[in-house]
Amino acid sequence: MPTRRSLLATLLLTALHLPLATPALAQPAGQGQAAKVLHMFLSTSETGLDPAVASDIATLSLLENLFDPLLRYDYLARPVKLQGNGATDLPQVSADGLTYTFHIRPGMRFTPDPAFKGPPREVTAADYVYSIKRLYDPALKSPWSFLFDGKLAGDAALKSRFDYATDIPGLQAVDRYTLRIRLAEPDNNFLFYLATPATGVVAREVIEAYPGQAGNHPVGTGPFMLGDWKRSDRIVLVANPASTAVFHSSVAHDAGADPADRAIARALEGQKLPRVDRVDIKIAEEFQGRMLGFLNGEYDYLEQVPESMTNMVIANGTLKPALAARGMQLYRFPVLQTYYMWMNVDDPVLGGYTNDKVALRRAIALSYNSAEDIALLKQGFAIKAESPLPPGVLGYDPRYRSPVPYDPALANALLDRFGYDQRDPDGFRRMPKPGGKAGDNPRETVPLTLQMSSEATVSGRLRDEFWRKCLNAVGLRVTFRSDKKTEIIKASHLGKVQMFETNWIADFPDGENFYQLLYGPNAGRANYARFRLPAYDARYERARDLKDGPARQALYVEMNQLIHAYNPWVPLTHVLSADIRQPWLKNYKRHPVELTQWRYLDVDVAERIRAARGK
């Protein structure tokens, strides 16, 4: 009987040559016109659609299309550049770098909802004040509160006794369309925060109409609004007829920009967004389902070809001829993303700051075989992570090298030295005697078993076997607890996960966004490892106040050394994404920070139908 893997390979190879599935007839968009529908997938299930609460990539992908932050990135500009969104333009900034004055775009209206008890109303500066204050609300436990906590002038009043009626000098609606934000001290990345989905504007009436259920009633002002929603299965976004978004990019007039980018910019300049009528999104957690769906024409682009399937669609760095003949195009994209395996420093088995606990985490880091991971599991589409920072992020140092290499012999010696020298009959190590000292009597110790959480997917199971091999090689027994990623993240916030492999994609392209993942006050939020080290925190706080340059770079090196000394993380890889798009998709370009391009994309319906017919 053929194995599951060989059956999958047969299906994929067959799909390379079959004509596409005939698309379902779309509802008419206007007189004699078929609706333009973008067909997408999310790789994990969404959670509640509340900008202040959600932090997973799937949900953020939806939120950035439903809600409007003050600023957004210029779609085509590289290096990245901010532009107005809810605000008409970038703010006026005072000479001391503390006061930012924004002018809200007139005419933005919330999408309809019974909470308004009438027609949807216009957005005002007061709505942005309310929306940012929500990040301080202790009832929400927002994972994004770190963006503003302690940074807005007078925000201590919001933390001592939270009340939405509390007025602070750092957040003021001067008039209907003027918002003034004043900082306690200059922050070089502050404008980036105002382009995150977390700061998307919400209506107070809606939030209060659905106590504790705002995530089930997403009412925003974005280019799309929620249509059908079948949780963890299918989401439909429909074009917001009241959207006032209009495309603009500085690239349209930049003679030095890439010609393909200039062509997109000229085609879109001044056009109303979005360009499609609907986005039909499925939850596709299994890699093979995504790949087969894409090859069958069910999805309009595929970002990050699954590592285990790279050889089935790519040969010698290019698309296989059968796909190229169908008009598909391959793009390589260096994602601002770091894969890492974190360990819970509060965990009784591997947590703590004593020598024996640090030695255990160091041995785990030394057991990680990066060359095998990149060659076999990543299929060469990754580079080794030497630190938390991926290439392309401000603060990244291409010369820096981790002092913790792949060295199982050193890992074994380290464990023997710090009390993990006793083994069970099956060869696995036991916990040290109290004090971390080696001993001669195994009965004085207890078995050592690590528990790694993992995603319940084919890829998750492959990662399990990889880690089992690495850890078993240094005498460490490990079990795996599989679940959906959203459930693992929830448990991580509560400190109930011992170790887990995950990744971080830049919210904004600066090193601070990655180093905050190990900042002590963020424990229980973005700091899943619950790492608390005063020496690290002090350097992080000093670096946060500096602009990119040699002084900040030196602090980053010291922070890297502390990470490698205490090993709350094992930095793994930075992905080089292989992206493929269908021939009927127009205006596609991957952005380094924003998660989706849906508002800018267009579909050539006639081309799609021709491709389905094999013509």
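Q: How should I read the accessibility of Q83: does the residue count as buried or exposed?

A: Buried means under 20% relative accessible area, exposed over 50%, and partly exposed in between (1.4 Å probe, protein chains only); Q83 counts as buried because its relative accessibility is 18%. This is a predicted model, in which local features need pLDDT of at least 70 and side-chain atom pairs count only at pLDDT 80 or more, while totals for chains, interfaces and linings use all residues. Residues are numbered from 1 along each chain as its sequence is written, and side-chain values use heavy atoms, with hydrogens and water left out.

Q: Where is Q83 found, and which residues does Q83 touch?

A: Q83 is found in strand β5, residues 82-84, a strand being a DSSP run of E with at least two residues, numbered from the N terminus. Leaving aside residues up to four places away in sequence, Q83 touches L71, R72, Y73, D74, L90 and H248 (heavy atoms within 4.5 Å). Towards H248, the side chain of Q83 reaches the backbone oxygen at 3.4 Å.

Q: Which residues of helix α7 are buried, and which are exposed?

A: An α-helix has 3.6 residues a turn, so residues three or four places apart point the same way. In α7, residues 259-268, the buried residues are D261, R262, I264, A265 and L268. They lie on the same side of α7 because they cover an arc of only 160° around the axis, whereas P259 and R266, on the other side, are exposed.

Q: What caps the N-terminal end of α7, and what follows the helix?

A: The cap is D258, with a side-chain oxygen 2.7 Å from the backbone nitrogen of A260, and α7 is followed by G270, whose phi is positive, near 80°.

Key:
Helix = DSSP H or I, 4+ residues; strand = E, 2+ residues; numbered from the N terminus. Polar contact = N/O pair within 3.5 Å; in protein donor to acceptor, adjacent residues only side chain to side chain. Arc of directions from axis to C-beta.
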